[in-house]
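Here is my note on the model, point by point. Please keep the structure open while you read.

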Amino acid sequence: MGDATTATLASAATLAFVAAIVLLVWAHLVPSGYGAVRDAVSHYGASRYHPLYRLMVISMGLGALLLALALARSTALPGARLAWLWIFAATRIAIAAFMADDPHAPPTRTGRVHVALAAGAFACIAFASVEIAAALSKQAGWSQIDPLLWAISIAVVVFAVLTLVCRTNRRAAAYFGAVERLLYLAMFGWLLTVTLHLLSLSG
């Protein structure tokens with residue numbers, strides 16, 4: 001492909017995703033008092049360590065934005081399929097302004113907006129992973145990672161659905177944090193797989 005601009009965008013997206021991963025790991029290491037099995041990732045945003053969460057979602061959203069720009073430039077993906085990734089990027093960045101409610105405090109308007117944005121982001125990345133994987137399979141240079149990309153796409157969808165189940169089912173709620181973290185793992189895996197392969201094609 002040999003496109004310097006695409007390579008720059010993909011490189012910047014990679015750095016943004018790596019930064020988001022580092023911040024997410026860092027949030028798990030600080031003494032926030034929240035647990036990884038039951039508590040949501042967003043609860044770190046309700047603690048005094050909220051800057052880690054805010055920077056993480058902004059970095060993730062910025063990386064998705066840069067990836068969408070790179071894909072729009074270097075592939076013939078239909079705009080409707082890329083739209084899911086654009087919306088995911090927007091919701092990730094926007095959620096930094098709306099922190100989750102503390103699980104031990106009464107619900108607030110800000111917290112409800114946070115939940116809506118989070119649900120939108122998770123739904124969009126699920127649709128994006130499938131729609132973009134299907135479109136990329138028909139693009140030159142992408143067939144060699146097609147099985148891997150589809151496997152990760154399916155994981156994103158499965159964990160997105162399970163996250164919703166844990167959010168709405170009282171019995172499953174005890175495992176919400178663990179399932180959501182598996183969703184984050186799948187999301188980052190999918191985003192980095194697409195970004196790094198795009199980088200290899202454009203370099």
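Which residues does Ile132 touch, not counting residues up to four places away in sequence?

1. **Ile132.** The partners are Leu71, Leu77, Arg81, Leu82, Leu85 and Trp190, leaving out residues up to four places away in sequence. Touching here is contact, which means heavy atoms within 4.5 Å. Ile132 sits in helix 4, residues 109–136. Its relative accessibility is 0%, so Ile132 counts as buried. The cut-offs are these: buried is under 20% relative accessible area, exposed is over 50%, and partly exposed lies in between, with a 1.4 Å probe and protein chains only.

2. The model is predicted: local features need pLDDT of at least 70, side-chain atom pairs count only at pLDDT 80 or more, and totals for chains, interfaces and linings use all residues. Residues are numbered from 1 along each chain as its sequence is written, and side-chain values use heavy atoms, with hydrogens and water left out.

3. **Helices.** The protein has six helices and zero strands. In sequence order the pattern reads α-α-α-α-α-α. Both kinds of element are DSSP runs numbered from the N terminus: helices are H or I with at least four residues, strands are E with at least two.

4. **Overall size.** The C-alpha trace spans about 50 × 30 × 30 Å along its principal axes. What radius of gyration does the protein have? The value is 17 Å, which agrees with the figure near 17 Å for a compact globule of 203 residues. This radius is taken over C-alpha atoms, and the globule rule is 2.2 Å times the number of residues to the power 0.38.

5. **Inside and surface.** Of the 203 residues, 48% are buried. The protein exposes about 9400 Å², and carbon and sulfur atoms supply 69% of that. Accessible areas come from the Shrake-Rupley method with a 1.4 Å probe; for residues, only the protein chains shown count as cover.

6. **Contacts along the chain.** Take the contacts between residues at least 6 apart in sequence. Of these, 75% join residues at least 24 apart.

7. **Phe88.** Is this residue, Phe88, buried or exposed? Phe88 is buried, because its relative accessible area is 0%. It belongs to helix 3, residues 79–94. Beyond four places in sequence, Phe88 touches Met60, Ala64, Ala121, Cys124, Ile125, Met187 and Leu191. Leu65 is 23 residues away in sequence from Phe88, and 8.5 Å away in space, C-alpha to C-alpha.

8. **Cysteines.** Cys124, one of the residues that Phe88 touches, has 6% relative accessibility and so counts as buried. Cys166 is buried too, at 7%. The disulfide count is zero; a disulfide would be a pair of cysteine sulfur atoms within 2.5 Å.

9. Thr5 lies in helix 1, residues 4–29. At 38% relative accessibility, Thr5 is partly exposed. Thr5 and Ser74 are 69 residues apart in sequence, yet 9.3 Å apart in space, C-alpha to C-alpha. Ala151 lies in helix 5, residues 146–168. Ala151 is partly exposed as well, at 46%. Its C-alpha atom is 9.8 Å from that of Ala186, 35 residues along the chain.

10. **Charges.** The protein carries 13 positive and 7 negative charges, and their mean positions are 6 Å apart. Lys and Arg count as positive, Asp and Glu as negative; His and the chain ends are not counted. Each charge is placed at NZ of Lys, CZ of Arg, CG of Asp or CD of Glu.
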